[in-house]
Amino acid sequence: MDIRDTDKLQSKALLKGDGQPLHGTNAQSSADIGKTTISTTMKNIQLDIKKAAQFLDEGAVKRFEPQVKAAQEALEAGTCPGNDFLGWLHLPSSISPEFLNEVQACADVLRANCEAVVVAGIGGSYLGARAVIEALGNSFSWLQRDCKNPTILFAGNNIGEDYLSELTEYLSDKKFGVINISKSGTTTETALTFRLLKKQCEAQRGKEEAKKVIVAITDAKRGAARTCADKEGYTSFIIPDNVGGRFSVLTPVGLLPIACAGFDIKQLVAGAQDMEKACSKDVAFDENPAAQYAAVRNALYGAGKKIEIMVNYQPKLHFISEWWKQLYGESEGKEQKGIFPASCDFTTDLHSMGQWIQEGERTIFETVISIEEPNRKLLFPEDEENLDGLNFLAGKRVDEVNKMAELGTRLAHVDGGVPNIRIAVPKLNEYYIGQLIYFFEIACGISGNVLGVNPFNQPGVEAYKKNMFALLDKPGYEADSKAIKERLANEG
């Protein structure tokens, strides 16, 4: 484990991840907790909680060790609430090369026969895939035709008529395929979208050819989507019964779209496998990054920090934050409890939300995902007139400017009373995104159990559905329909 006081480091050392390992110690307080280095076959990612722990009483994080240990043991033993949805827990290590080859083979068929592939799904059925694809893809791929890879589009996550109309119009002259992701096949947003796309695909390609480019990811035996897939003869993959949607990115739900986009799912899974080992229940609390993250979050929550802002300094990570928000919001927001997960894209949002973060109500803390080395290199040019006064940056990498903005902002926010957690990722690639995914998943499971809620259900999500179906006069909702219409009439 790496422990260092980042206040005393030069900025260059901080940004490059320099530091000396400290061996042979198990004792750690909130004052001396620093960096948890995750051992992998590649360079390590690092969790730095020092600038969060300094806002807590001495030993506050360490005091959560027994609760965290008990929470993780309950996950492993299957004795926690929601224990019928623990299939994600050792999913990475259970994925075989043969299974990945099967997913890749299906992706290759879609890639060879489609200019565009539409992923129809909502919530965890699309957010994980989109997060990875947006993080690894070219930011402007949607503006240019990529001859190597189909355009990956996402639908079935809203009921916007304009959106769906514009989508069908865009696809009208394209050879497209569909990945329909739904356990039941009756989720309104996804089912409505799939019906539209199925009809259009069949009309444009013919029914027999359409069967080759429509894939179902659904329940093994039950539901409308399974019935349709079996009847039509679609290639299909199973969503495991014991894996909830927000934990499903390492199942075909995420793996197939990611492979269709041209990314290496074997490396993605390898990263998750290494993180599974690094966060094992047998890893000491002081060395376990998921345990430390769960502990410091709950300690901050107990100290009145009710909002966690996920921050990035790379626009490509926007949907990583969106996936993270669903993972933690749907897992922890229950029984009038739970940290509210928010997100900001810096430096962009420093010009909108920066004022509130710096000087607003002190009920927030930040978790910063920092990419240590970008995949491209761009030098800042010199200008003879220097009207903007920026010649002092000439010859520097743009990323160096970005890193100084990150460091300066982090210091300013800490000075302003905002606890800061930092996750340093060596590079933006499949392997490290795989690490990040499993790290957040296992930490979420631990954290929710420490909070005392069931992290794996979402009873509150059903409330809006019940009202919507009643207002639409769905068969079987007659009593609810009558009640809600009387309520609306009485409210004027």
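A: A residue is called buried under 20% relative accessible area, exposed over 50% and partly exposed in between, with a 1.4 Å probe and protein chains only as cover. Helices are DSSP runs of H or I with at least four residues, strands are runs of E with at least two, and both are numbered from the N terminus. The model is predicted, so local features need pLDDT of at least 70 and side-chain atom pairs count only at pLDDT 80 or more, while totals for chains, interfaces and linings use all residues. Residues are numbered from 1 along each chain as its sequence is written, and side-chain values use heavy atoms, with hydrogens and water left out.

The helix to look at is α11, residues 252–260, which is mostly covered: nine of its nine residues are buried. They are P252, V253, G254, L255, L256, P257, I258, A259 and C260. Just after α11, G262 has a positive phi of about 95 degrees.

Helix α8 can be read in the same way. It has 18 residues, 188–205, and spans 26 Å from first to last C-alpha, close to the 26 Å expected at 1.5 Å a residue; the expected span is 1.5 Å times one less than the number of residues. Among the buried residues of α8 are E189, T190, F194, L197, C201 and R205. G206 follows α8 and has a positive phi, near 90 degrees.

R205 also takes part in a salt bridge, defined as a side-chain nitrogen of Lys or Arg within 4 Å of a carboxyl oxygen of Asp or Glu. Its partner is E209, with the closest N and O atoms 2.9 Å apart. R205 counts as buried because its relative accessibility is 10%, and E209 is partly exposed at 33%.

The whole structure holds 26 salt bridges. One of them joins D230 and R226, with the closest N and O atoms 3.0 Å apart. Both residues lie in helix α10 (224–232), four residues apart, about one turn of the helix. D230 is exposed, at 53% relative accessible area, whereas R226 is buried, at 5%. In another, the side chains of D473 and K485 meet at 2.8 Å, N to O. D473 is in the loop between α18 (462–471) and α19 (478–490) and K485 is in α19, so this pair ties together parts twelve residues apart in sequence. D473 counts as partly exposed at 45%, and K485 is partly exposed at 37%. K62, E65 and D286 are linked in a network of salt bridges.

The surface patches use residues with over 30% relative accessible area and no salt bridge, joining like charges within 9 Å and nonpolar side chains (Val, Leu, Ile, Met, Phe, Trp, Tyr) within 5 Å. Accessible areas come from the Shrake-Rupley method with a 1.4 Å probe, and for residues only the protein chains shown count as cover. F140, W142 and L143 form a nonpolar patch with about 420 Å² of accessible area together. L143 is in the loop between α6 (127–136) and β4 (151–155) and is exposed at 55%.

A negative patch is made up of E382, D383, E384, E385 and D388. Asp and Glu count as negative and Lys and Arg as positive, with His and the chain ends not counted; each charge is placed at NZ of Lys, CZ of Arg, CG of Asp or CD of Glu. E384 lies in the loop between β10 (364–373) and α16 (398–415) and is exposed, with a relative accessible area of 86%.
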